[in-house]
Structure formats: C-alpha cells, structure tokens
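I opened my notebook and went looking around one protein chain. Here is what I looked up, entry by entry.

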Amino acid sequence: MLAETKINAFVTLGKFLRQFQNTDFEQNNADFNDIFFDDFVQILNDSKYHNGWFTLEQVTHACKSWADALQEENIRRWISAYDLSREPLKKVGLILAGNIPMVGFHDVLSVLMSGNIALIKLSSNDQKMIPFLLEYLKKIEPEFADRIEITKEQFTDFDAVIATGSNNTARYFDYYFGKYPNIIRQNRNSVAVLTGKESAEELTQLGEDIFRYYGLGCRNVSKLLVPKDYDFKDFFEAVFTYADLINYEKYANNYDYNKAVFLMSEYKILDNGFLTLRESEAMVSPISTIFYERYEKEKEIFTTLEARKNQIQCVVSSGWIDGSIPFGTTQSPQLWDYADGVDTMNFLTKL
C-alpha cells in the first residue's frame, strides 16, 4: 500500500471529523456522508450513556483535536522522519486505553501508516467511536480492510504489542508480552510550572489543561510547581470560567467526596467551590483536585522534574523551560507528540 494512499485516506477521515468539532454538527462535503454522517451524530449523542464522562462537549473536542491533526501538512511533517518505502506487515496487538475519548486512535493510526496490521483490543470505556471511524476508513480505502481486526479475545497470533494501562496492569503486560517487541505504558501525569508572572490569559489557558476531559487524561495537569510565596488568588480568578463543571453530577460527586476526605484527614486545602488545591509531593491527584509544591530557587524545579521524569507526560510553562509546551495545549497534541516520549513510529517501522 503506497504512503500516498494512506495519507489521502487519513486526510479524508480528518475532513469527515471536521463536521463534528462542535456540538452544532456542521455538515460539509465529506465523502460518504450519506452513509456515515447521521450514524456518527447518533454515536456522539449517545456516548454519555456508554461512558458517563464522555459528554457531548468532550467527545466533540476529541473530534476537533483529530480533525486538526489529520490535515495533510501535519501528516506529511509527521511521517517525513521515517522511511515508509518498506511495509513490515507485522501484526501489532494494541491494548487501548479509554480514559478519554479516542485516546487509543494514535496507536491505530501509527500501525496503519507504518505499513503494519492492527489487532485491536478496545477499552471497555471507549468502544463506539474508534470502530465506527475504522469502518469509515475502510470505506475510503478498502485495502485497509485486511489490516484492521478488532478482538475481544486474548491475543494469540501477533508479532509485537503496544499496551497502555495503569502501573499494575503494566506489570501484567510485561509478564505476558515481555518476550515480544513491545511498548508498555504506565501511569503518567502532567505538571505546570508557575513563576507568579503569568498573565490572566495564560492562567485561564492552564484551566483548559486541568479541566479538559475532567482531568482524566495523562496529559492533563495534575500538579503545580509554584514559588514559595505564591498567592493563588489570580489563579482561582482566572480558572473561574470553568466553574460550570460543578453542575455535572459525576464531577460534583468527586469534588464533594475528595473535599470531605481531605477535611476529615485534616489536610490544609484551598477551595474555590469546584476545585481544591492541596500541598503534596504526590504526582497523581484525584478528580477535582490539584496538588502543588513550592520552590525557592529555579534549580529546585529542574531537580524535581528530573527526579520524576518517568512519572511526567508533559511539562507546561510560559516557555522558559526547555521541552515544555504552552499553556492550554496539553490536550491538543501533534501527531509527533508521542506518549511517554517513546517514538511509536520508529518502533513500528523497524519491526
């Protein structure tokens, strides 16, 4: 299968997804709309019934993120770093995560673009959107039909594995798949480093990094590093635009529960009515909570980041930390922004 054929197919998929980048569902002239448009609208509207965290606003944001990513210039820039003249045609078992909508689609895309065969085990939390989009992809380009298989059974016939899960499941994956070429991902979270000089706009954008997908993604910010004398007043004012989250029952239940636990445990917390902040060295905070640590000197920041690099997915800052990304961008990754910093395409093209 030629690389150009694959590029054109995924660009067409991106055009289809562009119709669903907001809750108004603005139809364009995407191919096969007569067959697929109405059914995908139904899937998006019904998502919350299959996974209570997948509200319409959240699934359409995922569609927008993928529509932006699957533009021709992005795809060409992404694959320009690899030799795709050879197709390995190895069967790659994919164990997908389901914590946020379509989070596993990048692995599927990478397997297909690299010239391999995707053997997919979906997360029980995300079983509708990816299979539908793969049916659309096969309609665009029938050659993909023999390169996509979705299974509910244990993998038995495969050449390599990419598995995403918790720290506990990663040990299970390593036990069963350790003898095969593999990428096994564990828990990670993202960190924002503040200096106290951030603008109100930057702090509002940080709210997007914290609250998008209710904070369930590994790219969501769950930890702040702040100066020793940092005053959270400006932060709370800037993120108040997200206060409507408390009206969503699942989020509100987590807020109430976690706040009660902190108070009963006599932790000192800061609270604005929909978000609690607690000082802690832990990296993983519960939903509706952000942990923070204070620093006195800049070198402490780099020591902390280096010591915990295997727990960090993204570092967010105003640009003064090498390798950091801007506020508001954690949940809009580029195709070349690989999970855990592991180059999936390099792994797949060398099978």
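**Entry 1: a helix on the inside**

I began with helix α5 and listed its buried residues: Phe105, His106, Asp107, Val108, Leu109, Ser110, Val111, Leu112 and Met113. Buried means under 20% relative accessible area, exposed means over 50%, and partly exposed is in between, with a 1.4 Å probe and protein chains only. Helices (H or I, at least four residues) and strands (E, at least two) are DSSP runs, numbered from the N terminus. Nine of the nine residues of α5 (residues 105-113) are buried, so this helix is largely enclosed by the rest of the structure. Just after α5, I found Gly115 with a positive phi of about 85°.

I made a note on the source: this is a predicted model, where local features need pLDDT of at least 70 and side-chain atom pairs count only at pLDDT 80 or more, while totals for chains, interfaces and linings use all residues. Residues are numbered from 1 along each chain as its sequence is written, and side-chain values use heavy atoms, with hydrogens and water left out.

**Entry 2: the chain as a whole**

I then stepped back to look at the chain, which has 12 helices and 11 strands. Its C-alpha trace spans about 60 × 45 × 35 Å along the principal axes. How does the radius of gyration of the chain agree with that of a compact globule, and what are the values? With 351 residues, a compact globule would have a radius near 20 Å, and the chain has 21 Å, which agrees. This radius is taken over C-alpha atoms, and the globule rule is 2.2 Å times the number of residues to the power 0.38.

I saw that 52% of the 351 residues count as buried. I also looked up contacts, meaning heavy atoms within 4.5 Å. Among contacts between residues at least 6 apart in sequence, 73% join residues at least 24 apart.

The chain exposes about 16,800 Å², and carbon and sulfur atoms supply 46% of that area. Accessible areas come from the Shrake-Rupley method with a 1.4 Å probe; for residues, only the protein chains shown count as cover.

Which strand holds Arg185? I found Arg185 in β5 (residues 182-185). Arg185 is buried, because its relative accessible area is 6%. Its side chain is joined to that of Asp107 by a polar contact of 2.8 Å. A polar contact is a pair of N or O atoms within 3.5 Å; within protein, one must be able to donate a hydrogen and the other to accept it, and residues adjacent in sequence count only if both atoms are side-chain atoms. Asp107 is one of the buried residues of α5. Leaving aside neighbours within four places in sequence, Arg185 is in contact with residues including Asp107, Ile162, Ser166 and Asp340.

Next I went to Ser166, in the loop between β4 (160-164) and α7 (167-177). Ser166 counts as partly exposed, because its relative accessibility is 27%. Beyond four places in sequence, Ser166 is in contact with Arg185, Gln186 and Asn187. The C-alpha atoms of Ser166 and Gln186 are separated by 5.0 Å, though the two residues are 20 apart along the chain.

**Entry 3: Arg147**

Is Arg147 buried or exposed? I found it buried, because its relative accessibility is 10%. Arg147 is in the loop between α6 (129-140) and β3 (148-150). The side chain of Arg147 makes a polar contact of 2.8 Å with the side chain of Glu87.

**Entry 4: Val315**

Val315 is in strand β11 (residues 312-316) and is buried, with a relative accessible area of 14%. Setting aside residues up to four places away, Val315 touches Val191, Val193, Leu305, Ser324 and Ile325. The C-alpha atoms of Val315 and Val193 are separated by 7.4 Å, and these residues are 122 apart along the chain.

**Entry 5: two positive phi values**

Finally I looked at Phe25, whose phi is near 50°, a positive value in a residue other than glycine. Phe25 sits in the loop between α1 (3-17) and α2 (33-50) and is buried at 15% relative accessible area. Tyr213 has a positive phi of about 55° although it is not a glycine. Tyr213 is in the loop between α8 (200-211) and β7 (221-227) and counts as buried at 4% relative accessibility.
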